[in-house]
Amino acid sequence: MSTTPETTNRDRVAAAPRLLPLSKDPFQAPTDRDMSPSERRLFVQTHRTCVFGYGRKSDGPAMSIVYYVPDANDDLLVATMADRAKAKAVARNGKVSLCVLDETWPFAYLQAYCDAVIDDDEETLIDVMMAVAERMSGDPVPAELRPAVKAVAKQEGRVLVRCRPYATFVTPPRHLHSNDQQELTHWVSASMPWDAPDRQPN
C-alpha cells in the first residue's frame, strides 16, 4: 500500500478563496458562559496555532503544534512536508482534530473536528507558507520573496492540508484568583455543528 499522500482534483475543490489576514486582536473567550456558535468560529478565525491531532495505526492519537491559516470559506490550511506523518495520515484517513490554542491567560481551547484532504493547489500552498511566516514573525513577507518561498516548498516537498471543520468542542477559560476552591466553577460543554446558528434570546 502506497504511503504517498493522495492529492485532490482541483475541480473538486471550490475556487480558492482569499486567506484571512493575521488578526491583531484575537477573540477572547468569555469566562462566565459557553461560546456561541458564531463566537466559536470567530475564535478559530482570529487565532493562529493549534495542536494537529490524527489517529495512528497502532497507538493513541499523534499530536503536533502547527500554525494554521483560515480562509474566507472557513477552511483551515496547514503547510507540511509530504514525508511527514500528518500528510500520510490525511491520505489514509481524512478525519483530523485541530485544538486551537488561546493566546491569553486564563486560556481557553477549542477543538475543531475536520475533514482533511491534500490539496494540489501550488499557489495557495505558497500563499499559506508566506502567511505562516507572517504569523510567526508578526511581519508580512515581501512579495519579492515569493520565488524564494516557492523554492523552499519544492526543496522540502511541502504540501497543503485543507481542513474543513464540521463540528467544534470548546472549554472556557477558568482561573483561580485567590486559591479559594469555591471560586472555581465549571460547566459541561458540548459539541456543536460548525455552521450552527446562534440562539435567539427568549
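In what order do the elements of the protein run from the N terminus on?

1. Order of elements. The model is predicted. From the N terminus, the order is α-β-β-β-β-α-β-β-α-α-β-β. In total, the secondary structure comprises 4 helices and 8 strands.

2. The protein has 202 residues, and 40% of them count as buried. Take the contacts with a separation of 6 or more: residues 24 or more positions apart account for 69% of these.

3. Surface. The accessible surface is about 11,700 Å². Carbon and sulfur atoms contribute 52% of that surface.

4. Helix packing. Helix H3 covers residues 122–137, and helix H4 covers residues 146–156. Their axes lie 10 Å apart, and the packing angle is about 105°. Angles of 65 to 115 degrees count as roughly perpendicular, and H3 and H4 are therefore roughly perpendicular to each other.

5. Residues at the H3 and H4 contact. H3 brings Glu123, Leu125, Ile126, Asp127, Met129 and Met130. These meet Arg146, Val149, Lys150, Val152 and Ala153 in H4. By class, the contact has 7 nonpolar residues, 4 charged residues and no polar ones.

6. Aromatic pair. Ring centres must lie within 6.5 Å to pair. By this rule there is 1 aromatic pair. The partners are phenylalanine 52 and tyrosine 54: their ring centres are 6.1 Å apart and their planes stand at 65°, so the pair is edge-to-face. Both phenylalanine 52 and tyrosine 54 are buried.

Terms used:
Residues numbered from 1 in each chain as written. Predicted model: local features only at pLDDT ≥ 70, side-chain atom pairs only at ≥ 80, totals over all residues. Heavy atoms only, no water. Phe/Tyr/Trp six-rings, centres within 6.5 Å; stacked < 30°, edge-to-face > 60°. Buried < 20%, exposed > 50% of the residue type's maximum accessible area, 1.4 Å probe, protein only. Axes fitted to C-alpha atoms, helices over the stretch in contact; angles between N-to-C directions. Helix = DSSP H or I, 4+ residues; strand = E, 2+ residues; numbered from the N terminus. Parallel < 35°, antiparallel > 145°, perpendicular 65-115°, else oblique. Contact = heavy atoms within 4.5 Å. Nonpolar A, V, L, I, M, F, W, Y, C, P; charged D, E, K, R; others polar. Areas by Shrake-Rupley, 256 points an atom, 1.4 Å probe, with all protein chains shown as cover.
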